[in-house]
Amino acid sequence: MRPVELMTQTAPAPARLKSRVGAVAAGPGLIRTHNVVKRYVVGGAEVRALDGVSVTIHEGELVAITGSSGSGKSTLMNILGCLDSPDSGDYFIAGEDVSKLKSDQLARIRNRRIGFVFQSFNLLPRLSSVENVELPLLYAGRHHAAAKAREALEIVGLGDRLDHEPNQLSGGQRQRVAIARAIVTDPAIILADEPTGNLDSRSGDEILKLFETLHQQGRTILIVTHDPDIAAFCPREINMRDGKVLRDGVPAASFAAKIGD
Amino acid sequence: MLFWTTIKLALRSLAANKLRTLLTMLGMIIGVGSVITMLALGHGMQQQVLSNISAMGKNLLAVLPKWTGTNGVINATRENLTVGDARALLRDVPQIRRVTPVLGQGEQVTYLNKNTNCEVVGCATTLLVVHNYTIAKGRMFNDFETRLEAHVAVLGPQTAYDLFGVLNPIGQTINIAGNQFTVIGILKSKGSRGWFNPDNQVLIPYTTGMDQIFGRAYLDHIDMQMAGKANVKKVLNECIAVLRRRHHLLFGDPSDFQIFSQEQLLQTVSRVTETLTLFLGAVAGISLLVGGIGIMNIMLVTVTERTREIGVRKAIGACNGDILRQFMLEAVLVSVLGGALGAVMGVTLSHFIHFQKFVAQVQTSNVVIAMSIATGIGIFFGYYPAWRAAQLNPIEALRYE
């Protein structure tokens, strides 16, 4: 019997209610991977995209995952986002083992526990902001979806763009709608994949400020990026290389001052 | 996902590609429309033929001499039916209520300087009841006049108009094949039946016809009316027995006559027309199938185009069933909306045809069936593209450009 499973049975995810910012060091962690391996076969040769990755992310953290292309950061994000399952190893979200779930069970976890923010926004065309934001709630079959969607749009500062369709919004505004869609279900973790990659620097800074605000409200945020400036803006950086965690800790250069001014 | 939201989203994505949606629907519109029109035409034709047969009278049996010939070519009509046969049938078969001998041929009929060519029919008084004729003016000749071989005639309304125009023909004298006849009555119009127009004929007593006009001792046919609730098979067998005895046929000899019953005729005709109707409907149904393939084709294109959208939906928590339902619903909506428009088109077209001297009768059940088939086709042909969409891998779908 593995110790990790024993631990989850005795202490099933109390962390979220207990505290949001404090108590970071104690407990099993909100998100926890243990020795995760993901293999691909490319041209007959086996490639280990993830080669024994163990990370723990606590509630309320703002973490950057960095690395060059091919480092395995996208694969890690897919697995953390429950879009993919590891070939071996364990993955727990709030105490729940999600590493061996089937596709529909994973869809449920994505719906309730994870909020995605993509580089290219990925809003549905022809749907208004409110309709885009309420979509995850509709898939969850929850009531009062429109009211909650409006609330989320207020949080990201788009209370006056409720009925605009994506093509009537600027890039920064679109990404705000996407962030509203990610937070509307009150997920355990927000996964942002290069969230500023398609934005000019001013809009990008605004989006980062919004993440900062959400972080201060106690939300757990993971930003996947190759940009060291963005990594420096986060309190913690997980640097990947060749499918392994190369370095995990405070970013090399602090960038927070530039955003905070 | 909530049902109404799914429908709303499906309608919106259909509305986003209006021309494409309309063209896809066109298959269903034409399919359902033509099925309904064809079935209406077939049904109308059946009803018309059946009502023509019914208009001949009620519970009819007709005895005809059997044709002889080789390889289906008629080379002789036997002359073997007599007035005695007719009397025997009435006397010996209890379920037979009325009998009329019938013989006739085309003759020239003249009044003053007017003349017309029409069927002169020798018959008994009972013909009126057996064939469900009504007298519009005057009277039918009676049995006394028949026995006397009186020169009296009852005219069909068309014949009366041809000879007399608007004048009153009753009491006037007409000339049939050189014999003077007094007009005593006019039939009420029944309308033409295509192969025989009962409005254009002259009825005379069969005795007069046999002895003075046609010079024949044999009948063309014997028409009989059965009691209302008679067992047709039993009556037929009894009639056959009576006639075989009278014609001195031995056991094993083929009958030299044949008996048709109206009921059998109705059954045969309705079977034939039903088959024809189904055939028409099936031919039209092929276009429904083609429409279904069109839907499948467009849905496959749609799924490919919206791969990224499917990826996003899956990422934010849509399960395979949600995606399947969404695309199925779009396919079914196209086919249902197309089916509804097709039903409107079919009914309209049927009415239009109906006013062009064809008979087309739309049956509600056919409309319902055609629309159900359209819906079924939407489900059948929409399933595969929707299944493909549902099976997409979210990571690859999100990466799709």
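# A walk through a predicted two-chain model

Of the 261 residues in chain A, buried residues make up 46%. When the contacts within chain A that have a separation of 6 or more are considered, 68% of them are accounted for by residues 24 or more positions apart.

The strands of chain A can be followed through one of its sheets. This is an open sheet of 6 strands with mixed pairing, and the order of its strands in chain A is β7-β8-β9-β4-β10-β11. Because β7 and β11 (244–249) of chain A each have a single partner strand, they stand at the edges, and one side of each is left without a neighbour in the sheet. On average, and with direction ignored, neighbouring strands of this sheet are turned by 20° against each other. Elsewhere in that order, strand β4 (residues 62–66) of chain A runs parallel to strand β10 (residues 236–241) of chain A, and 4 bridges join the two.

The loop between β7 (114–117) and α5 of chain A holds R126(A), a residue that has a positive phi of about 70° although it is not a glycine. R126(A) has 15 other C-beta atoms within 10 Å, and it therefore counts as partly exposed, since a residue would need 20 or more to be buried and 12 or fewer to be exposed.

N132(B) lies in the loop between α4 (127–130) and β6 (135–138) of chain B, and N132(B) has a positive phi of about 60° although it is not a glycine. With 16 other C-beta atoms within 10 Å, N132(B) is partly exposed.

What, by contrast, makes S13(B) count as buried? S13(B), which is found in helix α1 (residues 3–16) of chain B, has 22 C-beta neighbours inside 10 Å, and so it counts as buried. The C-alpha atom of S13(B) is separated by 16 Å from that of V312(B), although these two residues are 299 residues apart along the chain.

Two further helices of chain B show how such elements can meet. The axes of helix α3 (residues 83–92) of chain B and helix α8 (residues 232–246) of chain B come within 10 Å and cross at roughly 135°, and this angle is the reason why α3(B) is described as oblique to α8(B). The crossing of α3(B) and α8(B) is right-handed. On the α3(B) side, D85(B), A88(B), L89(B) and D92(B) take part, and they meet C239(B), V242(B), L243(B) and R246(B) in α8(B). Sorted by class, this contact of α3(B) with α8(B) has 5 nonpolar, no polar and 3 charged residues.

Finally, the two chains can be viewed together. How many residues of chain A are in contact with chain B? There are 20 residues of chain A in contact with 17 residues of chain B. On the side of chain A that touches chain B, the elements giving two or more residues are α4 (103–113) and α5 (129–140) of chain A, and α4(A) gives the most, with 6 residues. By class, this side of chain A has 9 nonpolar, 5 polar and 6 charged residues.

Technical notes:
Residues numbered from 1 in each chain as written. Chains lettered and ligands numbered in written order. Predicted model: local features only at pLDDT ≥ 70, side-chain atom pairs only at ≥ 80, totals over all residues. Contact = placed C-beta atoms within 7 Å. Nonpolar A, V, L, I, M, F, W, Y, C, P; charged D, E, K, R; others polar. Axes fitted to C-alpha atoms, helices over the stretch in contact; angles between N-to-C directions. Parallel < 35°, antiparallel > 145°, perpendicular 65-115°, else oblique. Left-handed = near helix turned anticlockwise from the far one by under 90°. Pairing = 2+ DSSP bridges.
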